[in-house]
Amino acid sequence: MKKIPLILGLVLILALSACSSSTSKPEKEPKKENYTFKVEEATAIITNDKSLVGSDAIETKDGMKVEVVPTSLHYEFKLERNGSSKLFKNTTDKMELKIVPDQELINASKKAVGFNLFNTDDSDLYGSGQGISDFNSEGKGILDFTYILGADVNSEEIPKLPNKDKLNELKENALKGTLIVLKNDQEIARFDLKSINKID
């Protein structure tokens, strides 16, 4: 029986394995969107600016209705597009922002409010909000995220504001984490905030 040369044998084996692997894959894989944008700048402030954090009407323990502007941890992320399309392609698109805190930020959060603020399911009294400004004609966009910290008001509807030292520690560690951007429940971007702002 004539032997097949070694090189030809390897070629045949590779060809056969390629055929068998190709048949196990779906004929058409879902098309993945590739977004090429970066965060130019990340900032975090503690503020009670109504234009940034909004307000709410609550009832005090004395039974009075008052408008309260909560003090909040407010993030702003300035985006730069690099050849990508807009974030929203149609009205059904759903965008979501998440911040995954490093341990230092978790510790600062627990000191300030008693729990990991970035896991909003841990408390019904604390809330968060987000905003997205899609890319303009210059390829610039903005993401912002707000976490309520409390207010100086005597009410069961909103937490009591932490003291100044705890707020300062929270602010100092606020950019020690990772920003994750999701579209329709799929992660499309992830940014290390320490790298953006060159934090040790």
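User: What is the volume of the second largest pocket?

Analyst: The second largest pocket has a volume of about 190 Å³. The model is predicted, and the value is computed from it.

User: What makes a residue part of the lining of this pocket?

Analyst: A lining residue has an atom within 4 Å of a pocket point. By that test, 14 residues line the second largest pocket. L97, K98, F118, T120 and F145 lie nearest its centre.

User: Which elements give two or more residues to the lining of the second largest pocket?

Analyst: They are β5, β6 (128-133) and β7 (140-150). The largest share comes from β5, with 5 residues.

User: How do the residues of this lining divide into nonpolar, polar and charged?

Analyst: There are 6 nonpolar, 5 polar and 3 charged residues. Leu and Phe count as nonpolar and Lys as charged.

User: Which strands form the open sheet, and in what order?

Analyst: It has 3 strands, in the order β5-β8-β9, with antiparallel pairing. The edge strands are β5 (95-101) and β9 (186-192), as each pairs on one side only. Neighbouring strands are turned by 20° against each other on average, direction ignored.

User: How do you know that β5 and β8 pair?

Analyst: Two strands pair if there are at least two bridges between them. β5 and β8 (residues 177-183) have 7 bridges, in the antiparallel sense.

User: Why is K194 called partly exposed?

Analyst: Its relative accessible area is 24%. Buried means under 20% and exposed means over 50%. The value of 24% lies in between, so K194 is partly exposed.

User: Where is K194 placed, and what is the separation of its C-alpha atom from that of A42?

Analyst: K194 is in helix α5 (residues 193-197). The C-alpha atoms of K194 and A42 are separated by 9.3 Å. Along the chain, these two residues are 152 residues apart.

User: What makes the link between the side chains of K194 and D102 a polar contact?

Analyst: The side chains are joined at 3.0 Å. A polar contact needs a pair of N or O atoms within 3.5 Å, one able to donate a hydrogen and the other to accept it.

User: How many helices and strands are in the protein chain, and what pattern does it follow?

Analyst: There are 5 helices and 9 strands. Read along the sequence, the pattern is α-β-α-β-β-β-β-α-β-β-α-β-β-α. Buried residues make up 36% of the 200 residues.

Definitions and conventions
Residues numbered from 1 in each chain as written. Predicted model: local features only at pLDDT ≥ 70, side-chain atom pairs only at ≥ 80, totals over all residues. Heavy atoms only, no water. Helix = DSSP H or I, 4+ residues; strand = E, 2+ residues; numbered from the N terminus. Axes fitted to C-alpha atoms, helices over the stretch in contact; angles between N-to-C directions. 1 Å grid on protein atoms, 1.4 Å probe; cavity = no way out; pocket = protein on both sides within 12 Å on 5 of 7 lines; lining within 4 Å. Points joined across faces, edges and corners; volume = space filled by probe spheres on them. Buried < 20%, exposed > 50% of the residue type's maximum accessible area, 1.4 Å probe, protein only.
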